Amino acid sequence: MEKTIDITAMGELLIDFAEYGTSEYGNRLLEVCPGGAPCNMLSMASRLGKKTAFIGKVGNDNFGRFLRKTIVSTGIDDTGLLTDDKAPTTLAFVHTLEGGEREFSFCRNGSADTMLKAEELKTDLIKSSRVFHFGTLSMTDEPVLSATKKALETAKEAGCIISFDPNLRPPLWKSLDDARAAMEYGFERCDILKIADNEVEFITGTCDYDAGISRIIQKYDIPLVFLTMGKNGSRAYYKDCRIEADGFKVNSIEATGAGDCFCASAVCRVLDSGFDNLSAEMLKEILMFANAAAAIVTTRKGAILSMPTEDEVLTLLEENR
C-alpha cells in the first residue's frame, strides 16, 4: 500500500490537569490540558510538516469531544479515534515537585483508551504509514493490549519503521514486572527507541547509561536508540556511533510533553535524512534540534498545544551558536 502518512501513533489520549497556582481562597487551581504521549508526539510532528494519524479511543463526554477537536486543530487525522459511549475519557493529574520533577495521579480504571479492541483498529492507517509509533501504556490492560499487538503485527507486515517510547508510568501497572515485560516487548520489535535515563536504570539496574544502552542494543538488536537526560541533554546510538549533545538553558516551568516533543523531532529528522545512512554529523544535528524543541516545551504549560514551530526551534538554535 502507498505510504501516504508519515507517522501513525496509537495509545492514550487524555486530559492532563496541570497545577496553575491558587485561588483567592487558597484552593489549588488546575488547568485543563489536552495530552497523552502518542498525540503529544504527533502534534510536534504535525508542526514539522509531517502528515500524521492517531489510533485510540475517548469517552463520549465533554473531555472526549474536546480532545478530538484539539487533535484535529493540530492537523492530526482523527479517523482512527473512536468514541466509547460507556467508558469515560482518561484523566491525569500532574503534580510538579521541587526541582521540576513530576508526580502523576490517574483516573483510568475502565477508561476509554483501555477499551480499544483489536477488531476496531483502522489498519489501513497503519499500512499507509512510514512510521508506526507506540508506548507501553496501551499494554497495561485488555482489550487494548491485544489491539496493540495486532497493530504492531500489521505495521511489521506493512514494512513500517517502528518507533517506541516506553513512557514508564509505574502507578498504571498492576506490577512493575508487567511494566518490564511490556518494555521488553517493545524493545524486541522497534527500529527506533527513545528512552529516558530513569527508564534505562529501571530496565537494566545501572545508572551508567552507556553500559545500559549497550546491553539493550546487544540483547534486542535495535538499530537506533535516543537517550534523553532532561536538562543534561541527549545521546544517540547508531551502528558504531555514540553521539551526545548538551541541553539548552531556558526558564523551565514543567517538563510535561518534553520527551514526546524530543521523540517527534528526532523521528521526523530521521525521516528527512534517511534511516539507513545516518552520519555522526547528521545525528548531532538531530540531537541539537530535538533538544532545543524539548527545551521550549518546558517553558510552557500543557502538552499537545505547547509544541513549538520549526522557526521557534531554529531561532533557539541560532541564539545558542
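The structure is a predicted model, in which local features need pLDDT of at least 70 and side-chain atom pairs count only at pLDDT 80 or more, whereas totals for chains, interfaces and linings use all residues. Residues are numbered from 1 along each chain as its sequence is written, and side-chain values use heavy atoms, with hydrogens and water left out.

Aromatic contacts come first. Rings of Phe, Tyr and Trp (its six-membered ring) form a pair if their centres lie within 6.5 Å; planes under 30 degrees apart count as stacked, over 60 as edge-to-face and the rest as tilted. The count by this rule is 7 aromatic pairs. One of them joins F17 and F63, with 5.9 Å from centre to centre and 85° between the planes, an edge-to-face arrangement. This pair links distant parts of the chain, since F17 belongs to strand 2 (residues 14-22) and F63, 46 residues apart from it, to helix 2 (residues 62-73). Helices (H or I, at least four residues) and strands (E, at least two) are DSSP runs, numbered from the N terminus. F17 counts as buried because its relative accessibility is 11%, while F63, at 29%, counts as partly exposed.

The pair of F132 and F134 is stacked, because the ring centres are 6.2 Å apart and the planes stand at 20°. Both F132 and F134 are buried.

A charge sits over a ring if NZ of Lys or CZ of Arg is within 6 Å of the ring centre and within 35 degrees of the ring normal. R189 lies over the face of Y185, 3.6 Å from the ring centre, and the charged end of R269 is placed over the ring of F289, at 3.8 Å from its centre.

Helix 5 (residues 176-189) has 14 residues and reaches 20 Å from its first C-alpha to its last, close to the 20 Å expected at 1.5 Å a residue; the expected span is 1.5 Å times one less than the number of residues.

In helix 9, residues M288, F289, A292, A293, A295 and I296 meet E310, E312, V313, L314, L316 and L317 of helix 10.

The backbone has its own points of interest. Most residues other than glycine have a negative phi, and most peptide bonds are trans. E142 and P143, however, are joined by a cis peptide bond with omega of about 10°, and P143 lies in the loop between strand 8 and helix 4. N167 is not a glycine, yet has a positive phi of about 50°; N167 lies in the loop between strand 9 and helix 5 and is buried, with a relative accessible area of 10%. D221, also not a glycine, has a positive phi of about 55° and is located in the loop between helix 7 and strand 11 (224-228). D221 counts as exposed, because its relative accessibility is 64%.

Technical notes: Buried < 20%, exposed > 50% of the residue type's maximum accessible area, 1.4 Å probe, protein only. Contact = heavy atoms within 4.5 Å.
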